[in-house]
Structures are given as C-alpha cells and as structure tokens.
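Biologist: I am new to this structure and would like to go through it step by step. Please show it before we start.

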Amino acid sequence: MNRVPGDTDNAHSSSVESCPSLRDVHSINPAQLMARIESYEGREKKGISDVRRTFCLFVTFDLLFITLLWIIELNVKGGIETTLEKEVLQYDYSSSYFDIFLLAVFRFKVLILAYAMCRLRHWWAIAFTTAVTSAFLLAKVIISQLFSQGAFGYVLPIISFILAWIETWFLDFKVLPQEAEEENRFLMAQDASERAALLHPGVLSDGQFYSPPESVAGSDEDSEEKQDSEKPVV
C-alpha cells in the first residue's frame with residue numbers, strides 16, 4: 001500500500017523537530033569554553049584554592065589565639081617568667097595550661113601539613129585532630145582542677161574545643177564540596193570544548209592547504225583536442 005504524501009511530509013517534519021541538539025550545538029561558544037578552561041587551569045597552577053587558603057588562615061588563627069590567651073593567663077598569675085617556669089618546667093596536668101597550648105600546636109602542624117602541603121581531599125586528618133582534641137579536653141576538664149583557677153579555667157578549654165569543631169565544619173561543608181564542584185565544572189567544560197572543537201573546526205593552517213596534482217585525464221583531453229585541430233580539412 002502506497003504512502004500518502006501528507007504522511008511523508010509529517011514524518012520529515014517530525015524527524016527535523018526530533019533533532020534540536022543540532023541547533024543547541026551551534027549556540028556553543030568555543031571561545032567562552034576555552035576561557036573558562038584557562039581560568040580553571042590557572043587555579044590549578046596556583047596550587048591551592050581560595051577556600052582552602054581561608055581554611056589554612058583559620059587554622060593559623062586558632063594557634064595564635066590560643067597562644068595569646070595562654071600568654072594573658074601567664075601574666076595574670078604573676079608574671080610570664082615565674083608562671084612559665086611553673087607550668088612548663090614543673091608541669092602539672094591538673095593545674096597547667098601548657099598542654100592546651102601544645103594541643104593547638106599539634107592541630108596546626110597536622111592540618112597545615114595535610115591540607116596545605118600535601119593538599120589532601122579527605123576528612124581523615126581533621127577527624128583525627130578533632131577527636132584527639134575533644135578527648136583530651138574532656139579528660140582534662142573532668143580530672144583537673146582548672147575551674148578553681150578563675151575565668152581562664154573555663155575560657156581556654158571551651159575556646160579550644162569550639163575552634164577545633166569549627167575547623168571540622170568548615171573543611172567538611174565548605175572546602176571539600178566546593179573543590180569537588182569546581183573539579184566537576186572543569187571536567188564538564190573540557191568535555192564541552194572537545195565536542196565544540198569537533199563540531200566547529202577552526203581555520204585550517206597554512207600547512208593544511210595543498211594543490212591537487214594535475215589529472216591525467218585532463219592532459220589526455222588536451223592532447224586529443226590538439227590532434228583534432230591539426231587534422232587537415234577534407
């Protein structure tokens with residue numbers, strides 16, 4: 001049974017409408033894709049992202065802030081030299097704040113080594129430092145006699161505990177997800193640029209232009225015309 005011409009036209013129009021991707025492909029701008037890829041590559045060359053740099057600055061702030069509070073505590077107790085000798089050389093777990101300062105130094109070294117120098121993209125390093133900090137501070141608050149030594153018996157342990165958990169939250173909810181999202185965008189832009197390069201080839205270079213050799217058929221036709229012209233007219 002023959003097909004009706006109207007059905008043929010409808011089938012042709014439906015096939016054209018079912019391929020909107022061709023129009024979408026022409027809307028891709030390869031220059032924009034290359035600019036975006038170059039921006040991502042520039043970030044990779046810097047070695048560390050902006051959000052990771054902010055995290056490292058906060059870790060440094062943690063160490064400096066705990067150090068400042070410890071120095072203030074040494075002055076309040078009767079002078080830095082006398083109190084420093086008592087808390088460091090004559091260390092007592094139940095009454096000294098020197099271990100809280102060492103805990104801040106421990107966090108700083110581990111986190112900077114892991115996330116600034118080694119550039120880890122996992123949470124295990126900060127989970128380790130936060131677990132050690134929490135366990136140590138809870139044990140010190142329960143066993144020691146810090147609360148009988150004034151306001152610093154509350155301030156140093158609480159602030160150290162809060163800063164450790166803020167670092168954990170910032171890395172787990174800001175640094176790692178944002179870096180993973182930027183990496184996915186880079187891969188998607190790179191894939192799109194490769195497709196655009198295939199669909200929108202650039203101008204051929206000078207080396208890609210060539211002249212075709214003279215065809216043998218053309219030379220034969222020229223020789224035949226010359227022979228016909230040389231024949232005598234009868």
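Modeller: H4 and H5 are roughly perpendicular to each other. Bear in mind that this is a predicted model.

Biologist: At what angle do H4 and H5 pack?

Modeller: The axes of H4 and H5 lie 7 Å apart. An angle from 65 to 115 degrees counts as roughly perpendicular, and H4 and H5 are therefore described in that way. The angle between them is about 110 degrees.

Biologist: Which residues of H5 meet H4?

Modeller: On the H4 side, the contact is made by Trp70, Ile71, Glu73, Leu74 and Asn75. The residues of this contact comprise 6 nonpolar, 2 polar and 2 charged. From H5 come Ile80, Thr83, Leu84, Glu87 and Val88.

Biologist: Is Thr83 buried or exposed?

Modeller: Thr83 sits in helix H5, which covers residues 80-89. Its relative accessibility is 5%, and the cut-off for buried is under 20%. Thr83 therefore counts as buried.

Biologist: Which residue's backbone oxygen does the side chain of Thr83 reach?

Modeller: Leaving aside neighbours within four places in sequence, Thr83 is in contact with Leu74, Lys77 and Gly78. The side chain of Thr83 also reaches a backbone oxygen at 2.8 Å. That oxygen belongs to Gly79.

Biologist: How are H4 and H6 oriented, roughly parallel or roughly antiparallel?

Modeller: Helix H4 spans residues 50-76 and helix H6 spans residues 98-117. They pack at an angle of about 165 degrees, with axes 9 Å apart. Because angles over 145 degrees count as such, H4 is roughly antiparallel to H6.

Biologist: Which residues does Asp99 contact, beyond its neighbours within four places in sequence?

Modeller: Asp99 is part of helix H6. With a relative accessibility of 7%, Asp99 counts as buried. Its contacts beyond those neighbours are Tyr91, Tyr93, Phe136 and Lys140.

Biologist: How many residues along the chain separate Val51 and Phe170?

Modeller: Val51 is found in helix H4 and is buried, with a relative accessible area of 12%. Not counting residues up to four places away in sequence, Val51 touches Phe170, Lys174, Val175, Gln178 and Glu179. The C-alpha atoms of Val51 and Phe170 are 9.4 Å from each other, while the separation along the chain is 119 residues.

Biologist: Among contacts between residues at least 6 apart in sequence, what percentage joins residues at least 24 apart?

Modeller: The pair of Val51 and Phe170 has already shown a contact across the sequence. For the protein chain, counting contacts between residues at least 6 apart, the share joining residues at least 24 apart is 76%.

Biologist: How many helices does the protein chain have?

Modeller: From the N terminus on, the elements run α-α-α-α-α-α-α-α-α. The chain has 234 residues, of which 28% count as buried. There are 0 strands, and the number of helices is 9.

Technical notes: Residues numbered from 1 in each chain as written. Predicted model: local features only at pLDDT ≥ 70, side-chain atom pairs only at ≥ 80, totals over all residues. Heavy atoms only, no water. Helix = DSSP H or I, 4+ residues; strand = E, 2+ residues; numbered from the N terminus. Buried < 20%, exposed > 50% of the residue type's maximum accessible area, 1.4 Å probe, protein only. Polar contact = N/O pair within 3.5 Å; in protein donor to acceptor, adjacent residues only side chain to side chain. Contact = heavy atoms within 4.5 Å. Axes fitted to C-alpha atoms, helices over the stretch in contact; angles between N-to-C directions. Parallel < 35°, antiparallel > 145°, perpendicular 65-115°, else oblique. Nonpolar A, V, L, I, M, F, W, Y, C, P; charged D, E, K, R; others polar.
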